[in-house]
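Dear colleague,

I am handing over the structure below, and after it I set out what was found in it. Please read the notes with the coordinates open beside you.

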Amino acid sequence: VFGLTARAQGGRAAERPELFRDTVKRGEIAGHFVHVDDGEFAESGEYWSTADDVRQTANLIAKSTSYDHLLIYAHGGLNSPLDAAKRIRALKEPFKRNKIYPYSIMYDTGIVEEIKDLLLKAQQDARGRAGGFRDFLDSMIEDIARKPVTPLWEEMKRDARIPFDEGADGARALDMFSTAFAGSNMKIHLVGHSTGAVLLGHLLAALDRRVADAPIVASCTLLAPACSV
C-alpha cells in the first residue's frame with residue numbers, strides 16, 4: 001500500500017483474540033476517528049466526538065515525526081458505529097507500524113440507524129395529517145416492500161453528504177485538519193469503501209472550497225465503490 005512493503009505483524013491475527021471481541025472501548029480507538037451524525041459531531045454515546053477532540057488530534061498528528069502518511073478512511077454505509085469501531089481497532093496497529101496514521105470517518109448509516117431515521121422522519125411528517133403516524137407508516141412500509149432498497153439508499157446518500165455541507169461539523173473537522181497540516185510534508189491518502197466513496201466525493205468538494213490553503217491529496221482509493229464512473 002502506498003509503495004510500502006508491510007512489516008511483520010506482532011503475532012498472527014488468530015493469536016490476538018482482542019481483535020475479535022464483540023465490544024470496543026472508546027479508549028482503544030481514541031484519536032483515530034471522528035464521529036458525525038446528521039451533520040453534527042456525535043457528542044454523546046460510546047464513540048463521541050467534539051470539536052476540541054478533533055482539533056487536538058489533528059494538531060498532534062501534524063506535529064508527529066513518527067508517520068509519513070495520513071490515511072483518512074470512510075466506512076461503508078451499512079456499518080453500525082460498533083462495526084466501524086471494530087474495523088478501526090483491527091487496522092490501527094498494522095498501519096501505524098508502516099508509518100501510516102489511520103483516521104476514520106464514522107457516520108451513522110448502519111441498517112438500524114437508517115430505519116430509525118426513516119421512522120423518525122415519517123413521524124414528523126405525519127403530524128397533523130389525517131390518520132396520523134400509523135397510516136403513514138403503513139404506507140411507507142408498503143412502499144419499502146415494493147422498492148426494498150430505495151428509501152435506505154437515499155438515506156445513506158444523505159448521511160454521506162450532509163457532514164460536508166457548508167457549516168456542518170464534518171466540514172469543520174476538515175478545516176481543522178487543513179489548518180493543522182498547512183506546510184506539512186505528510187502525504188494524505190483517502191480510502192472509501194462502498195458508500196464511503198460517496199462521502200469522499202463530498203469531502204473533496206468541501207476541500208476544494210478551501211482553494212488556496214487546501215492540503216494536497218496524494219491518492220484516493222475506492223473499494224467496491226457505491227457510485228457510478
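Tyr-103 counts as buried, at 3% relative accessibility, where buried means under 20% relative accessible area, exposed over 50% and partly exposed in between, with a 1.4 Å probe and protein chains only. This is a predicted model, in which local features need pLDDT of at least 70 and side-chain atom pairs count only at pLDDT 80 or more, while totals for chains, interfaces and linings use all residues. Residues are numbered from 1 along each chain as its sequence is written, and side-chain values use heavy atoms, with hydrogens and water left out.

Tyr-103 and Phe-177 form a tilted aromatic pair, with 4.8 Å centre to centre and 50 degrees between the planes; rings of Phe, Tyr and Trp (its six-membered ring) pair if their centres lie within 6.5 Å, and planes under 30 degrees apart count as stacked, over 60 as edge-to-face and the rest as tilted. Because Tyr-103 lies in strand S4 and Phe-177 in helix H7, the pair ties together parts that are 74 residues apart in sequence; helices (H or I, at least four residues) and strands (E, at least two) are DSSP runs, numbered from the N terminus. Phe-177 also counts as buried, at 8% relative accessibility, and Tyr-103, Phe-177 and Phe-181 form one aromatic cluster.

The structure holds four aromatic pairs. One of them is formed by Tyr-67 and Tyr-101, which are edge-to-face at 5.2 Å centre to centre, with 80 degrees between the planes. Tyr-67 lies in the loop between H2 and S3 and Tyr-101 in strand S4, so this pair ties together parts that are 34 residues apart in sequence. Tyr-67 is buried, with a relative accessible area of 15%, and Tyr-101 likewise counts as buried, at 10%.

Turning to the packing, the largest nonpolar core has 33 residues, and those with the most contacts inside it are Leu-70 and Phe-181. A nonpolar core is here a set of buried Ala, Val, Leu, Ile, Met, Phe, Trp, Tyr and Cys residues joined through side-chain atoms within 4.5 Å. The elements that give two or more residues to this core are S1, helix H2 (51-63), S3, S4, H7, S5 and H8, and its largest share, six residues, comes from H8. Leaving aside residues up to four places away in sequence, Phe-181 touches Ala-58, Ile-61, Ala-62, Leu-70, Met-186 and Ile-188, a contact being heavy atoms within 4.5 Å. Apart from this core lies another, of eight residues, among them Ile-29, Phe-33, Ala-85 and Met-106.

A search of the whole structure finds four cavities of 30 Å³ or more. On a 1 Å grid over the protein atoms alone, a cavity is a set of points where a 1.4 Å probe fits but cannot get out, and lining residues have an atom within 4 Å of a point; grid points are joined across faces, edges and corners, and a volume is the space filled by probe spheres set on the points. The largest cavity has a volume of about 220 Å³, and of the 19 residues that line it, the closest to its centre are Ile-72, Ala-173, Leu-174, Phe-177 and Leu-203. H7 provides the largest share of this lining, five residues. By class, the lining of the largest cavity has 17 nonpolar, two polar and no charged residues, with Ala, Val, Leu, Ile, Met, Phe, Trp, Tyr, Cys and Pro counted as nonpolar, Asp, Glu, Lys and Arg as charged, and the others, Gly among them, as polar.

The second largest cavity has a volume of about 70 Å³, and the residues that line it include His-32, Tyr-73, Arg-87, Lys-92 and Tyr-103. H3 gives the most to the lining of this second cavity, with five residues, and by class that lining has seven nonpolar, three polar and two charged residues.

As for the backbone, Lys-99, in the loop between H3 and S4, has a phi near 65 degrees, a positive value in a residue other than glycine. Ser-194, in the loop between S5 and H8, has a positive phi of about 55 degrees although it is not a glycine. Lys-99 counts as partly exposed at 28% relative accessibility, as does Ser-194 at 22%.

With best regards

Key: 1 Å grid on protein atoms, 1.4 Å probe; cavity = no way out; pocket = protein on both sides within 12 Å on 5 of 7 lines; lining within 4 Å.
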